[in-house]
Every structure is written in C-alpha cells, then in structure tokens.
Amino acid sequence: MTVRELLARMGSAELAEWRAYEQISGPLGGARGDVQAALVAAAIASVNTPKGKRPPSVSDFMPRWDRTKIRKSPEELFKLAMAANASLGGTVNTTP
C-alpha cells in the first residue's frame, strides 16, 4: 500500500501502537532482515577472527541508511512531519 493509502486507513493512535509494538518486539519489515543478515555476518566473522583480536560486533555489519551529520531538534522534526503530512493530503486530528 502507498503512504497515502496508509494515512487514509490508519490514524495516529494506531500508528503509535505499531511503533510501540516494534520497540518491544524488534524491527518490522526490511529492518528486521538487516538485523538478521548482520547477525549471520557477525557470527561468520567471529569464528574467523584470529585469537587475541576483537571480533566484529553485529553493529559493524548493520547498514547505516541515515548518515545525516546534523541532528534536528524535536521542533524541526515536527515541522518536517507536518510538511510531509500536508504534501500527502493528510489532515491533523487533535481529538483524543
């Protein structure tokens, strides 16, 4: 489904619930595959690391998709999210 379809079918509360679920159970979708591949690569590298040398960690094999050096404030992130929402035709629901 497209992002626009997702936003039309799912409210912010449900989206927040999925985010919380992901934080408890681990990444969903492609991110989970990245973690699984990194685990396998780290295990292979570990058994082939010479004695006395530190084996690579799982994080050494994780892809780094966001290489942004400038970190944004929560306010800047909120403005970006609102702009993305508006550009996709979304609305803001302020009722609980």
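Q: Which residues in H3 are buried?
A: This is a predicted model, so take everything here as computed from it. Buried means under 20% relative accessible area. In H3, which runs over residues 30–47, the residues that count as buried are Ala38, Ala42 and Ala45.

Q: Within what arc do the buried residues of H3 fall, seen down the axis?
A: The buried residues in question are Ala38, Ala42 and Ala45. Looking down the axis of H3, they line one face of the helix, because they fall within an arc of 65°.

Q: Which residues are exposed on the other side of H3?
A: One side of H3 has the buried Ala38, Ala42 and Ala45. To count as exposed, a residue needs over 50% relative accessible area. On the other side of the helix, the exposed ones are Ile44 and Val47.

Q: How far does H3 reach from its first C-alpha to its last?
A: Helix H3 has 18 residues. At 1.5 Å a residue you'd expect 26 Å, and the model comes close to that. The reach of H3 is 26 Å.

Q: Which residues form the aromatic pair, and what is its geometry?
A: There's one aromatic pair in the structure, made by tryptophan 18 and tyrosine 21, with 5.8 Å centre to centre and 85° between the planes. Planes over 60 degrees apart count as edge-to-face. So the pair of tryptophan 18 and tyrosine 21 is edge-to-face.

Q: By about how much of the helix are tryptophan 18 and tyrosine 21 separated?
A: Tryptophan 18 is found in helix H2, residues 12–25. Residues three or four places apart in an α-helix point the same way, because there are 3.6 residues a turn. Tryptophan 18 and tyrosine 21 are three residues apart in H2, so their separation is about one helical turn.

Q: What is the area of the nonpolar surface patch that includes Trp18?
A: Tryptophan 18 is partly exposed at 43% relative accessibility, and tyrosine 21 is partly exposed with a relative accessible area of 43%. Trp18, Tyr21 and Leu28 make the patch together. Its area is about 310 Å².

Q: Which residue forms a salt bridge with glutamate 22?
A: Side chains of opposite charge can pair when their charged atoms come close. For glutamate 22, the closest N and O atoms of the bridge are 2.9 Å apart.

Q: Is glutamate 22 buried or partly exposed?
A: The cut-off for buried is under 20% relative accessible area. Glutamate 22 has 22% relative accessibility, so it counts as partly exposed.

Q: How many salt bridges does the structure hold, and what is the N to O distance between arginine 54 and aspartate 60?
A: The structure holds two salt bridges.

Q: How far apart in space are aspartate 60 and alanine 38, C-alpha to C-alpha?
A: Aspartate 60 is found in the loop between H3 and H4, and alanine 38 is one of the buried residues in H3. They're 22 residues apart in sequence. In space, the C-alpha to C-alpha distance is 7.9 Å.

Q: How far apart in space are alanine 86 and alanine 38?
A: Alanine 86 is found in helix H4, residues 74–87, and counts as exposed at 53% relative accessibility. In sequence, alanine 86 and alanine 38 are 48 residues apart. In space, C-alpha to C-alpha, they are 36 Å apart.

Q: Which residue just after H4 takes a positive phi?
A: H4 has 14 residues and reaches 20 Å from its first C-alpha to its last. Just after H4 comes a phi of about 80°, and the residue taking it is glycine 89.

Conventions: Residues are numbered from 1 along each chain as its sequence is written. This is a predicted model: local features need pLDDT of at least 70, side-chain atom pairs count only at pLDDT 80 or more; totals for chains, interfaces and linings use all residues. Side-chain values use heavy atoms; hydrogens and water are left out. Helices (H or I, at least four residues) and strands (E, at least two) are DSSP runs, numbered from the N terminus. The expected span of a helix is 1.5 Å times one less than its number of residues. Buried means under 20% relative accessible area, exposed over 50%, partly exposed in between (1.4 Å probe, protein chains only). The arc is that of the directions from the helix axis to the C-beta atoms. Patches are made of residues with over 30% relative accessible area and no salt bridge: like charges are joined within 9 Å, nonpolar side chains (Val, Leu, Ile, Met, Phe, Trp, Tyr) within 5 Å. Accessible areas come from the Shrake-Rupley method with a 1.4 Å probe; for residues, only the protein chains shown count as cover. A salt bridge is a side-chain nitrogen of Lys or Arg within 4 Å of a carboxyl oxygen of Asp or Glu. Rings of Phe, Tyr and Trp (its six-membered ring) pair if their centres lie within 6.5 Å; planes under 30 degrees apart count as stacked, over 60 as edge-to-face and the rest as tilted.
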